[in-house]
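Please consider the structure shown below together with its sequence. The paragraphs that follow lead from the overall fold to individual side chains and backbone angles.

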Amino acid sequence: MERLTVSTRRTDDCPVVEITGELDIATAGLLDGHLHDVITSHGPTRIVLDLSGLTFCDASGLRVLVRAHHAARRCHGRLHLVCPRGLTRYLLRITRLSETIPAHRTLSDALAPAGNAGPGRPDG
């Protein structure tokens, strides 16, 4: 099992949470807690979760994404995902989460001014 690492940096006054490794039942709590802290302590209008380094995601991981999406909305913010390719992007598409949580192919697309992509307008 590949360990999950989580880090946050600010880009364009927006928190960017980067994760690498496997997001599963054993690691979901780490990401869930980290995202909760970012959302509640910074009160950002946009939070970007970069999934580029994610090698595996199960239903527990998807649950964390949905919880973060709802938490951000309660704080009048918006969660954006960066997911360029592979099984994670496929998983977001077949579960239709990319219709609810904007999924972008690049970090610069996710950081672009609001309105470029959103529910009903995912980045392919």
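Asp13 is exposed, with a relative accessible area of 66%; here buried means under 20% relative accessible area, exposed over 50%, and partly exposed in between, computed with a 1.4 Å probe on protein chains only. The model is a predicted one, in which local features need pLDDT of at least 70 and side-chain atom pairs count only at pLDDT 80 or more, while totals for chains, interfaces and linings use all residues. Residues are numbered from 1 along each chain as its sequence is written, and side-chain values use heavy atoms, with hydrogens and water left out.

The protein chain has four helices and five strands, these being DSSP runs numbered from the N terminus (helices H or I, at least four residues; strands E, at least two). Along the sequence they follow the pattern β-β-α-β-α-β-α-β-α. Of the 124 residues in the protein chain, 47% are buried. Among contacts with a separation of 6 or more, 59% are between residues 24 or more positions apart, a contact meaning heavy atoms within 4.5 Å. The accessible surface of the protein chain comes to about 6400 Å², and carbon and sulfur atoms hold 53% of this area; accessible areas come from the Shrake-Rupley method with a 1.4 Å probe, and for residues only the protein chains shown count as cover.

How many salt bridges does the count come to? The count is four, a salt bridge being a side-chain nitrogen of Lys or Arg within 4 Å of a carboxyl oxygen of Asp or Glu. Asp13 takes part in one of them, with Arg10 as its partner and the closest N and O atoms 3.4 Å apart. Arg10 itself is partly exposed, at 43% relative accessibility. Another salt bridge joins Asp32 and Arg67, whose closest N and O atoms are 3.1 Å apart. This pair links distant parts of the chain, as Asp32 lies in helix α1 (residues 28–42) and Arg67 in helix α2 (residues 59–74), 35 residues apart. Arg67 is partly exposed, with a relative accessible area of 40%.

Arg96 also forms a salt bridge, in this case with Glu99, at 3.2 Å between the closest N and O atoms. Arg96 is exposed at 52% relative accessibility, whereas Glu99 is partly exposed at 36%. The place of Arg96 is in the loop between α3 and β5 (103–104), and its phi is near 65 degrees, a positive value in a residue other than glycine. Most residues other than glycine have a negative phi. His76 also has a positive phi, near 60 degrees. His76 belongs to the loop between α2 and β4 and is exposed, at 70% relative accessibility.

Is His80 buried or exposed? His80 is buried, with a relative accessible area of 5%, and lies in strand β4 (residues 78–82). Its side chain is joined to that of His104 by a polar contact of 2.9 Å. A polar contact is a pair of N or O atoms within 3.5 Å; within protein, one must be able to donate a hydrogen and the other to accept it, and residues adjacent in sequence count only if both atoms are side-chain atoms.

Tyr90 lies in helix α3 (residues 86–94) and is partly exposed, with a relative accessible area of 41%.
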